[in-house]
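Thanks for passing this one along for a second look.

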Amino acid sequence: MKKIDIKACILSIFLMGNVSAQTVNLGDLSIGPDTEFATLFDFDNKAGGDLLNDGSFFAYGNFKNDGLVTYSNLSRGNTSFIGNKLQLIEGVEIAHFQNIVFDNTSALVPFHLSTTIEIGNNSAFKNGIIDAESFNGKMIFDQDAFHTDASNLSFVDGKVENIGNLNFEFPVGDDVYFRPSLHDKAADVKNIYTTQYLFKGLGSTNPYTSKEQTILSIDEKEYWNVTQDQGSEKIVLSLTLNSNTTPELFFKEDPSAKLAIVRWDETTAKWINENGETADLLQGANYTKMVTTQVSGYGIFTIAVVEKDDPVPPTGDLIIYNAISPNGDGVNDSFHIKGIDKYPDNRVEIYNRWGIKVFAADSYNESDMMFRGYSDGRATLKRDAGLPSGTYYYILTYKKGEEKIKKAGYLYINND
């Protein structure tokens, strides 16, 4: 291993009477690629301290940043919070980490986040829940940043902000439950969204009882607070159900009703039916069902049981065939919307079950502009690659005279 490259003024302060110690950085601490720096003591980066991590930094105690914590983008700088005692992550300045690992098994909630930290590449949630709610902290995921391993063992209990990603699963939860929301939005790097999951009631200051007529029952046990901090687009939002937090009512089948996403609208002071389509998820996932819809606004969201739409389309309207088998035999090779040629001012979007856009087209028709089961939606899916068999979600919008109509539902792809 290379010798650690440090240009710094570091003090190790031992307070023997209190059996405590600190590692204090007063100058420039530079950790070069392929090098390691570890502190068994509490680490304090003072106001004049600069920490540049392009190697591996291991923090076994508390971490405080009042200066500059950053990386150079030249390598994969890793910061690991590891220990056998509670760890406080604090400071007046934002700490910028390229990669971060949370791996502390001393308690269910071993991390107390009372500052803002920003992730440039990846956050690995191994062990330990990060309590940001109790300490007014926040985790920010920069453009193209992501996370791995989030589960009931490790997630953020509090606010998570995301900057500019095409799609993102927010690693949020509350108590001991990982309850993510999934967002898909257009490729505008200026978009900023913040999400927090709340496994509790909304309080008595506002009863939140008024609702649209189509809403039959509302999940009053859990909520997602989604804010649009910058941007103007309306995301495709997916909310998950989990038997540990979601009431049993919302897992029961009712032929006259369906699950939907609802939003508390501050202007009208009532719950708005945002509609949605439900998918059963793979076995072994942290949640068992997911409801997806394109929202009309932001604020507090939850799951509801709503009245089903009229299943009989108006005379002369479109017929949407919701299954394709793109095997080249000339039968059901494309997503066929009979009658769409009458409404050329239209747009079709198709998402997979995780809310990732796989296809989008304007002026969809019955001849050349059609979805044939190939990815054409985003950089993380191989363009023009055949999509796997499974259930997908479509959104169709079109103009009929002066009226703008929106239809949404599920599309099944069979490649067997």
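The points below move from the model as a whole to single strands and residues.

1. **What kind of model this is.** This is a predicted model, so local features are taken at pLDDT of at least 70 and side-chain atom pairs at pLDDT 80 or more, while totals for chains, interfaces and linings use all residues. Numbering starts from 1 along each chain as its sequence is written, and side-chain values rest on heavy atoms, with hydrogens and water left out.

2. **Confidence.** Across the chain the mean pLDDT (the predictor's confidence in each residue, from 0 to 100) is 84, and 85% of the residues reach 70 or more. Please take care with residues 1–8, where pLDDT stays under 50 and the model has 21 contacts (heavy atoms within 4.5 Å) beyond four places in sequence. Residues 13–19 also stay under 50, with 8 such contacts. Where pLDDT is low, the predicted coordinates should not be read in detail.

3. **Overall make-up.** The chain has 39 strands and 0 helices; both are DSSP runs numbered from the N terminus, with strands (E) of at least two residues and helices (H or I) of at least four. Of its 416 residues, 49% count as buried, meaning under 20% relative accessible area, with exposed set at over 50% and partly exposed in between (1.4 Å probe, protein chains only). The accessible surface comes to about 19,500 Å², and carbon and sulfur atoms hold 49% of that surface; the areas come from the Shrake-Rupley method with a 1.4 Å probe, and for residues only the protein chains shown count as cover. Among contacts with a separation of 6 or more, 50% join residues 24 or more positions apart.

4. **Nonpolar cores.** Which residues have the most contacts inside the largest nonpolar core? They are Phe63, Phe81, Phe102 and Ile117, in a core of 52 residues. Strand 12 (residues 95–104) gives the largest share of this core, 4 residues. Apart from it lies another core of 22 residues, which includes Leu318, Phe359, Tyr392 and Ile413. The term covers buried Ala, Val, Leu, Ile, Met, Phe, Trp, Tyr and Cys residues joined through side-chain atoms within 4.5 Å. Beyond four places in sequence, Phe63 touches several residues, among them Phe43, Phe57, Phe81 and Phe97.

5. **Strand 4.** One face of strand 4 (residues 36–39) is covered, with Phe37 and Thr39, and the other, with Glu36 and Ala38, is uncovered. Strand 4 runs parallel to strand 7 (residues 56–59), joined by 4 bridges; two strands count as paired if DSSP finds at least two bridges between them. Phe37 has Phe57 as its bridge partner in strand 7.

6. **Strand 27.** Is strand 27 (residues 236–241) mostly covered or uncovered? It is mostly covered, as 6 of its 6 residues are buried. Val236, Ser238 and Thr240 are buried on one side, and Leu237, Leu239 and Leu241 on the other. Strand 27 pairs antiparallel with strand 23 (residues 181–184) over 4 bridges, and there Asp184 faces Val236. Strand 27 is also antiparallel to strand 31 (residues 289–294), with 6 bridges, and Thr240 stands opposite Met290.

7. **Thr302.** This residue sits in strand 32 (residues 299–307). Thr302 is buried because its relative accessible area is 0%. Its side chain reaches the backbone oxygen of Asp219 at 3.1 Å.

8. **Glu274.** You will find Glu274 in the loop between strand 29 (270–273) and strand 30 (277–280). Its relative accessibility is 6%, so Glu274 counts as buried. Glu274 lies 14 residues from Ala260 in sequence, with 6.8 Å between their C-alpha atoms. Beyond four places in sequence, its contacts include Arg263, Thr293, Gln294 and Phe301.

9. Five strands make an open sheet of mixed pairing, in the order 34-39-38-36-37. Strand 34 (323–324) and strand 37 (357–362) are the edge strands, each pairing on one side only. Strand 37 is antiparallel to strand 36 (residues 346–351) over 5 bridges, and Tyr351 stands opposite Lys357.

Notes: A polar contact is a pair of N or O atoms within 3.5 Å; within protein, one must be able to donate a hydrogen and the other to accept it, and residues adjacent in sequence count only if both atoms are side-chain atoms.
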